[in-house]
Amino acid sequence: MTAYDVLIIGAGVVGNAIARELSRYRLKVGVLEKELDVGMGTSSRNSGVLHSGIHYTPGTLRARLNVQGNEMMKGLCRDLKVKIDYIGKLTVAQDQVDIETLEALKTQGEINGVPGLEIIDRDKMEQIQPGVGGIRALFSPTTGIICPYGLTIALADNAHENGARFHLGAKVTGISKTETCFKVKTDESGSFESKLLINAAGLYSDAVCRMLGLGEYTIYPCRGEYLILDKRLNGSLKVLVYPAPRKGGAGLGIHLTNTVDGNILIGPSNEYVDRADDYACTADVIDQLKREGRELLPAISTSDFIRGFSGLRPKQTPPEIKGFKEFVIENRKDIPGFINLVGIESPGLTCSPAIALMVRDMVGEALPLKEKDHFVAERNGFPGLFHDLPEEEKADLVAQDPDYGEIVCRCEHITKREILNAIENPLGSKTLAGIKYRARAMMGRCQGGFCMPRIVQILEQDYGYRPEDYRLYSSNSYLFTGRVR
Amino acid sequence: MIHEMKRDLVIIGGGPAGLSAAAAARQAGCDDVLLIERDRILGGILNQCIHDGFGLHRYGEALTGPEYAQRHIDEINELDIETLMGTIVLSMDRERNLTVSSRKGYTRIQAGAVVLAMGCRERTAGAISLPGTRPSGIYTAGAAQNFINLQNIMVGRRAVILGSGDIGLIMARRMTLEGAKVEAVFEILPYASGLPRNIQQCLNDYDIPLHLGTSVIEVHGKDRLTGVTVAEINNFKPLPGTERFVPCDTLLLSVGLIPENELSSEASVRLETRTSGAFVDDTFMTSVPGVFSCGNVLHVHDLVDHVSEEASLAGQFACRYLEGDISSEPRPIEIAPNDGVRYVLPQQASGESDFTLSLRVTEPFRNRAVWVRDGDRKVARKKLVRLHPAEMIRVKIRKDKLENAKKLEVSVE
């Protein structure tokens, strides 16, 4: 039985941020993840927006952690080589009532500590986003976009480099508490022991609570569907543009979001579903997103929709109530050593580094936090983002390593070296989705039509895969049934 | 370090179009031809098309894809044409400056003329916004063909095929021959998208049902595909009450091909919405002087024989352009589709020489004629018993009919 000081359940962005933060200290940190890779749930299935913090009631955890997380993200992404861009956001007013809303948002944001907020007129709006509608806008310069799965993977890689251990495909099936530790059983990865236990299970955080006899939390998965647009339209949006929130409006509504890779997203929709793994896309919502997306960006043509996906918000509020409920981040006194995180929905991605600090302090109440002598804050061994390098530098890299000269994914120009790096990831993820999220291959307009056969070939020739060995993302998502003959 | 190179004619793509263009240009007298192919071997998608039926028009023989390709590869070798394999063109501009990448490094090539012969790619599940889950077991027909024919890897045991494009039909037969059960082919349109000979040889001969006006409306399965819901389609909407579940572990998509024109766009080549290919004149020159387009990157063909023929012409014209024989002035005659015609190529002509129109009809017709008119004046007429969107129609245009012509309109009557 493996014994840890701290065991985290869930390798999403929150669990991984905590693991990475705790890996600074002389603690044995483990992470259990039921999927075959990190970040397979809500962390990879969202808009990838770094929120400024204007929308949250002053004094709440969401308000405080958002502003703090937003500020922390800059240095974190630099250290971890994660794509991030503080592009700013316009919240647009159409009438006088909206203007009052903007003023209230500005005041609220300032109380929350959001820097640089400004209500701007048409001229300035036009400068920031040519062609934008509306009469006034609230400009929030610290709103940004980030690669959500890139961050989630980078946090895990760095935590791993600093000694944290990730157990992928380890689904927790039971937890018991003794005087001194927690005993955690998994389906296929054996049992674990830990002094402290952290619940970062996201959509399944209520299930983890129930394993410890805590029945007070229920997660209501609320699905958001998106469509991804072809990079052809990259540059259409300079900043994020949202309408001023109106009374009775649900969430922030369907909007366009730039991604750090140059695709635009349309979405998300808002629909409660029964199951925490119901990631289907539905015909009606697809039609709605196409319609509303075209209203927002008339240049969208039929061939610009390259893929749809959906994510689930781990909401604490049932469908009949809707709205938001404050994050639960608690050090349970009734179950000493159990740190419980429930209902970390939006802006959880932005909050994640700040949540990690808060949880670290809770850990510090139970265990001594002694810093390691050789904590590595920067993500080493990661070549950075080849595609974004200047041509001359790329050419030099090809001269050193011919695998950089061989393009495997034609749409995104991903090189064989990047594919090999993704295959040889430190966490040991072996799925095709893992390669996709790490290298960006199969994410372009041909959706792997060209590169997937080549990646399959690389896995066979260089890594000895047999047809039966390939998985899309889960252990039952086999790609092939065997040899032809 | 980036290498620099100056070449007369660069051909992008070593599939059937690029091979024919290169050979024809050399035979027309161009001594400096460079053929660039991103794969490690020449031949393009023909290499995975191990079925026969290629070359019936051109050679009067039913060759397999690799056999057809080999004839052209041999020709390239005999003509001693320089080829760069495992090399991809990363970028191209209006002045025909290309950046290419290979294991040997980066090279910038300034080309006197360029023939675009990049072919096409398949439409995906994402592109048709297929509703439902995202399990494994969903492949484009061409990707499945690659796995089965080139990598000896079987994609599944019980398949449904969505779309009746030729590759889907070929794969229905291929899967059956390799022991898989092909439940059916579903086609949203009221007629098949593939060639009639493929319907007969790939479906009818193997008792694989083809359901027209029917489509997959939902994908099921969390991990691996477990089945699809299909329904009859009326006006692009499922007809209530016609839904049924078809269990399967594999869904192959043959729902259209898209000319791969990202490089062309980058070089500001004007594209046409109807074909998703370049706007060309009767020399296959695009809106960018010295840049020519042919094969499936220009418009999706049904027969490789026609690709070769078209590409040979494009190669010859590119050679003549380099000799200063073809001007970059706008052409006086515009050519446009009218009733019953989905698209027609070229879109412009000089009127100084004979040329051939390539066109597709909007829907199947019987016993009609394709009319080419300049205002009220008849320029050409071709009577056909069977006109089908799957089959490209070609009409010869004679220059002596084009005197003072301004706009040719092509229709089915």
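Mentor: Start with a term. Two strands pair if DSSP finds at least two bridges between them. A strand here is a DSSP run of E with at least two residues, numbered from the N terminus. Keep in mind that this model is predicted.

Now take strand β1 of chain B. It spans residues 2-12. Look for its partners. β1(B) pairs with β2(B) through four bridges, and the two run parallel. Find B:L9 and look across to β2(B): B:V33 stands opposite. β1(B) also pairs with strand β8 of chain B, residues 105-116. That pairing is parallel too, and it has ten bridges. Here B:R7 faces B:A111 in β8(B).

Stay with B:R7. Its relative accessible area is 13%. Buried means under 20%, so B:R7 counts as buried. Its side chain is not left alone. B:R7 and B:D32 meet in a salt bridge, at 2.8 Å from N to O. B:R7 sits in β1(B), while B:D32 lies in the loop between α1 (16-27) and β2 (33-36) of chain B. The two residues are 25 apart, and the pair links distant parts of the chain. B:D32 has 18% relative accessibility, so it is buried under that same cut-off of 20%. The general idea is simple. Side chains of opposite charge can pair when their charged atoms come close.

Step out to other strands of chain B. Strand β13 of chain B covers residues 181-187, and six of its seven residues are buried. β13(B) pairs with strand β12 (residues 158-162) of chain B in the parallel sense, over five bridges. Within this pairing, B:V160 has B:A184 as its bridge partner in β13(B).

Chain B also has charge on its surface. B:K378, B:R381, B:K383 and B:K401 gather there in a patch of positive charge. Of these, B:R381 belongs to strand β27 (residues 377-387) of chain B. B:R381 has a relative accessible area of 43%, which makes it partly exposed. Compare the cut-offs: partly exposed lies between buried, under 20%, and exposed, over 50%.

Cross to chain A for an open sheet. Three strands form it, in the order β3-β8-β4, with antiparallel pairing. β3 (49-50) and β4 (84-85) stand at the edges, each with a single partner strand, so one side of each has no neighbour in the sheet. β3(A) and β8(A), residues 144-146, are antiparallel and joined by two bridges. Opposite A:L50 you find A:G144 in β8(A).

A:R78 and A:D79 meet side chain to side chain, at 3.8 Å from N to O. A:D79 is buried, at 18% relative accessibility. A:R78 is exposed, with a relative accessible area of 61%. Another pair is A:R246 with A:D95, at 4.0 Å from N to O. A:R246 is in the loop between β14 (240-243) and β15 (255-258) of chain A, and A:D95 is in the loop between β5 (89-93) and α3 (96-112), so the pair ties together parts that are 151 residues apart in sequence. Both ends are partly exposed: A:R246 has a relative accessible area of 49%, and A:D95 has 30%.

Some charges form a network of salt bridges. A:D230, A:R410, A:R445, B:R38, B:R121, B:E260 and B:E262 are linked in this way. Over all chains, a search of the whole structure finds 67 salt bridges.

Two stops remain in chain A. Helix α1 of chain A, residues 13-22, is mostly covered: ten of its ten residues are buried. Among them are A:V13, A:N16, A:R20 and A:E21. A:S475 lies in the loop between α12 (451-463) and β23 (482-483) of chain A. At 48% relative accessibility, A:S475 is partly exposed. In sequence, A:S475 and A:E424 are 51 residues apart; in space, their C-alpha atoms are 19 Å apart.

Finish back at the strand we began with. β1(B) pairs in parallel with β2(B), and it pairs in parallel with β8(B). Its buried B:R7 holds a salt bridge with B:D32.

Notes. Residues numbered from 1 in each chain as written. Chains lettered and ligands numbered in written order. Predicted model: local features only at pLDDT ≥ 70, side-chain atom pairs only at ≥ 80, totals over all residues. Heavy atoms only, no water. Patch = residues over 30% accessible without salt bridge, like charges linked within 9 Å, V, L, I, M, F, W, Y side chains within 5 Å. Areas by Shrake-Rupley, 256 points an atom, 1.4 Å probe, with all protein chains shown as cover. Lys, Arg positive; Asp, Glu negative; His and termini not counted. Charge placed at Lys NZ, Arg CZ, Asp CG, Glu CD. Buried < 20%, exposed > 50% of the residue type's maximum accessible area, 1.4 Å probe, protein only.
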